Amino acid sequence: MKWKGRSKSSNVDDRRGMSSGRSNSGGGLGSLSPMIIGLLLKLITTKKGLIIAAIVFGVMYFTGNNPLNFLTGNTNQVTNNTNYKGSAKENELADFSSVILKNTEEIWNGLLSNYREPTLVLFTNSVSSACGSASSSTGPFYCPADEKLYIDLSFFQEMETRLNAPGDFAQAYVIAHEVGHHIQNITGISDKVQRMRGKVSQTEYNKYSVKLELQADFLAGVWAHHSQKMNQIMDKGDLQEALNAAFAIGDDRLQKQSGGRVVPDSFTHGTSAQRMRWFTKGFETGDVNQGDTFTASSL
């Protein structure tokens with residue numbers, strides 16, 4: 001994959017080596033719910049509310065959070081842990097991840113109007129997010145509450161050794177998939193699925209979850225299509241690396257690998273064949289409008 005020498009994203013929050021898993025900038029208003037933020041804005045319009053809001057902003061200031069970030073809508077505070085000294089390989093993976101994120105920004109800013117760029121959080125061992133705390137064993141994930149992607153770079157090594165899915169384009173696919181979840185979030189798709197929780201059976205909800213994951217695979221394929229078209233980043237064999245990764249993290253394969261029996265009703269991400277098929281469709285078409293997994297006659 002031709003990634004070296006390309007521009008890096010400025011939306012990277014490097015928390016590697018931070019034992020608490022927290023950024024130096026603190027949680028900020030990314031941890032406040034939209035409802036609470038809305039109430040604060042309403043309060044400012046009254047005399048009594050103005051006093052309350054002033055107290056809230058004062059607490060924010062003295063706890064290390066910049067109230068201006070709230071007023072300007074800039075809640076994605078980005079830090080760089082300059083004290084952490086990773087290995088040469090790990091630092092290269094950090095640079096690689098930043099380059100891939102930048103590439104997704106270029107592609108999706110061109111494909112979607114009013115695209116909001118997510119932040120990529122790099123961490124080791126454990127991390128705190130607006131969605132709660134997570135360990136490295138969770139794997140890469142996207143938190144819609146703070147619009148951030150979280151990755152422990154050791155996962156890329158695990159892809160190679162445990163999942164048998166090596167290669168830099170396989171790693172790029174993982175990042176692009178999480179960016180796909182970000183797109184689902186800002187377009188309201190994720191919220192629609194989330195509202196189904198508790199209204200349908202767990203088996204039925206799992207089916208919606210599968211469709212959500214397959215659509216994220218499709219969007220990763222769309223990114224790869226346009227990135228190759230615009231930048232010629234792919235080398236021979238790169239497409240197969242992505243397909244190997246999609247195959248490796250299929251629900252059926254993971255259940256077989258764990259020694260258990262395959263239980264389709266428990267699938268939440270899709271089979272290996274489904275994940276490969278939807279990534280391929282996105283890569284071949286490059287058409288965002290062809291990725292509606294929710295109304296597709298078959299997956």
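Visitor: Hi! Which residue does C131 pair with in a disulfide?
Guide: C131 is joined to C143, with 2.1 Å from S to S; a disulfide here is a pair of cysteine sulfur atoms within 2.5 Å. Bear in mind that this is a predicted model, where local features need pLDDT of at least 70, side-chain atom pairs count only at pLDDT 80 or more, and totals for chains, interfaces and linings use all residues. Residues are numbered from 1 along each chain as its sequence is written, and side-chain values use heavy atoms, with hydrogens and water left out.

Visitor: Where do C131 and C143 sit in the chain?
Guide: C131 lies in the loop between β3 (126-129) and β4 (132-135), while C143 is in strand β5 (residues 141-143), twelve residues apart. Helices (H or I, at least four residues) and strands (E, at least two) are DSSP runs, numbered from the N terminus.

Visitor: And why is the disulfide called right-handed?
Guide: The torsion about the S-S bond of C131 and C143 is about 90 degrees, so it is right-handed.

Visitor: Is C143 buried or exposed?
Guide: C143 is buried, at a relative accessible area of 0%. C131 is partly exposed, at 45%. Buried means under 20% relative accessible area, exposed over 50%, and partly exposed in between (1.4 Å probe, protein chains only).

Visitor: Switching topic: how many helices and strands does the protein chain have?
Guide: The protein chain has eleven helices and six strands.

Visitor: What percentage of the residues count as buried?
Guide: That would be 47% of the 299 residues of the protein chain.
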